[in-house]
There are 2 protein chains.
Amino acid sequence: VSKYAPLADYLRAQSLDSVKLGFAQIDMLVNGLPPSARNHDAWWANSRTDDTHSWAHQWIAAGWECGSLDRANETVVFQRILAGLESRVQCFWWVNHKQTFKSEFEGGYIWSPKTNKNGARNRTYDNLTQVKAGDVVVSFADGKIKAIGVTKQHCSEALKPEEFGSAGANWADRGWLVPIEWTALSSPISPKIHIARIQPLLPNKNSPLQANGNGNQGCYLAAISSELGRLVLDVASKINPDLVQSIQDLKQLVEADFVENEIQVSEVIPETEKGQLIRSRRGQGIFRLRALAIESRCRITGVEDQNFLIASHIKPWKDCANDERLDGCNGLMLAPHIDKLFDRGWISFSDNGDLLSVPAAEQVMAAWSVDLKKNVGKFSLGQCRYLEHHRNKVFKGSIEARS
Amino acid sequence: VSKYAPLADYLRAQSLDSVKLGFAQIDMLVNGLPPSARNHDAWWANSRTDDTHSWAHQWIAAGWECGSLDRANETVVFQRILAGLESRVQCFWWVNHKQTFKSEFEGGYIWSPKTNKNGARNRTYDNLTQVKAGDVVVSFADGKIKAIGVTKQHCSEALKPEEFGSAGANWADRGWLVPIEWTALSSPISPKIHIARIQPLLPNKNSPLQANGNGNQGCYLAAISSELGRLVLDVASKINPDLVQSIQDLKQLVEADFVENEIQVSEVIPETEKGQLIRSRRGQGIFRLRALAIESRCRITGVEDQNFLIASHIKPWKDCANDERLDGCNGLMLAPHIDKLFDRGWISFSDNGDLLSVPAAEQVMAAWSVDLKKNVGKFSLGQCRYLEHHRNKVFKGSIEARS
């Protein structure tokens, strides 16, 4: 057991999201802080990757980060790493793959060595350690943006991928890897064509592009502003109409995976409840049984055979409190295609059962013979509470109306 | 590192499913077998649970079991634990929950202490350690069979569930837990009504029922014959028509989870390929991109918008070799409800594109406005190879024709 485990346990036991500790308190918990904790800010860095910094791994694994430090007065504030990605700023990144595009695109990752050949640090390699799950990455190679990705996890140490072959011959074997779910652009974009709009938004240091729109040789992974990120998404989605939804789906998947992991490692939730919470994400277990007790058929297609129905959460699983995840009133039994329409917010329902839909989904609904004018019958008070959330936060109709 | 790791590594490196080893060979691998290996059969037992038997955990973790032993001639045959559940005998079990039914049903598990109160072993507790993933469990409480379950994993050590409360006051805290995915019977069955058929099939020792059909107090988990297991399924499915499909779905889910875990822990598959193989199970990653390059729309509903389509394996993911899991020719882009029909074998296609279906699915297909007489267009040679597998092994039409 690590010397710092008692500090991690102490943080885990907190009920609030922030706690201020005196060094003397921590001395007692861990049987004495080392001198460097009193002498150097760097001791308190939230490092996920530096092996010589294992105490930080302990508090990060417990779900906490060191938020602010006052060495003069010997106090430190720890803050809980908040679940859900909405609670933090989403970052945009730009990767120049060069000759490793195919490997990294097909493999679903980006990889860099830790340092330059001469052992010097390279900011655009170090950047991999700053990536968090749910960030958006613009993929650039051969003069074109060919894909946009969503990062699935933060960085980990990894050996150089074998598939790099001779393309990676000059790089050290040990490096950083960030797993990424890519969406290919069916129509790639040439930044040169849009350089007048892009150029003013390029960063001054470590820019991924030169002012003329050519790639910047020395730059692997660059941090870009959200203005530039949104500009790229905007340009790309005009000629790749599926892109925005696809990125959104990926982000939601990453977010739900994040929540599932939090449940998995929780030391508060009993094991048997963990299993039910995780099974409920797939519409299984006790959640399904409870939903079935309330809804026996698909409200739209009328199918009653359970084998063809999905137990779908009205309020999305990832946004629920744990009791809401298992509440039968938060479930509808839907045919798989209706579940897809409902889950992604293309359709919703009024409390009295009128089907609501957005124009963008009408073509698909017609192809699937879903009647736009249907009333599916009233909902109970318990269901209406969740439906209100669905209409306000999931249904694209109200989201479009707001924007 | 365990002394026995080299034996496990040796087994992992085998290409065949069976290997005969002399004790002398193993001596060399592990730097000398202990005397008990030469003197006692029990040393070679494939124990998953006995902590003092850690060498067996090594070879089991490597995916191997000790198959037969010839101590006189100092040889032993190891056999690979075959992936997929078809390759091994499925076992039926019967659990008498008594007062813990609600906890165990809702929690999705069975739990027993390791021994009786007086410390004596109890065969019907020991039985929990014999359960394997994919076994079928009959759940009996209050005089009725109320649920049938499929075991998700083998047994592990677990503390007594808190939710037992006073019902478990007399049991020791440490025990065995087997996670189970239950299907509730909407119409529970009273064994007493069927006792004339059940009684002759009851085991002589450790029977879950008395001859009159009452539960047997001393018995928690009983092994029952496949004849009795099938009789229960048969009786239950007559008044619970969804049951058979539901059990079948659960078994396939467990099987796919098993395969996914094998990929996850493999020491042969490179990390980046593991990610792609696992993502392909959900129709994501490189498999989706490759399928999209071949099929741009849903063959049945004509929908082209990728956001509404699932990349579905023609030959089921769990039954594929790794290259087949990522082969674009093994993918169809299908609307979610068509994916469900195809994936579960309610429909299939002839090589020239005629839609095949089974009468049992016609009502659902009508509710979903799926045209039974459709021709969806020819398939390529590469696709036909997988379609043949689908028609022969997945499509219920041919399975019904054979049985």
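Residues are numbered from 1 along each chain as its sequence is written, and chains are lettered from A in the order in which they are written. In this predicted model local features need pLDDT of at least 70, side-chain atom pairs count only at pLDDT 80 or more, and totals for chains, interfaces and linings use all residues, while side-chain values use heavy atoms, with hydrogens and water left out.

Biologist: How many residues of chain A are in contact with chain B?

Modeller: Contact means heavy atoms within 4.5 Å. Of the interface residues of chain A, 100% are also interface residues in chain B, so the copies meet through the same surface. On the chain B side 40 residues take part, and the number in chain A is 40.

Biologist: Which residues of chain A lose the most area to chain B?

Modeller: Buried area is the accessible area (1.4 Å probe) that two parts lose on being put together, summed over both. Chain A and chain B bury about 3,500 Å² between them, with 57% of it on carbon and sulfur atoms. Together accounting for 19% of what the chain A side buries, the residues that lose the most are Asn307(A), Phe308(A) and Trp368(A).
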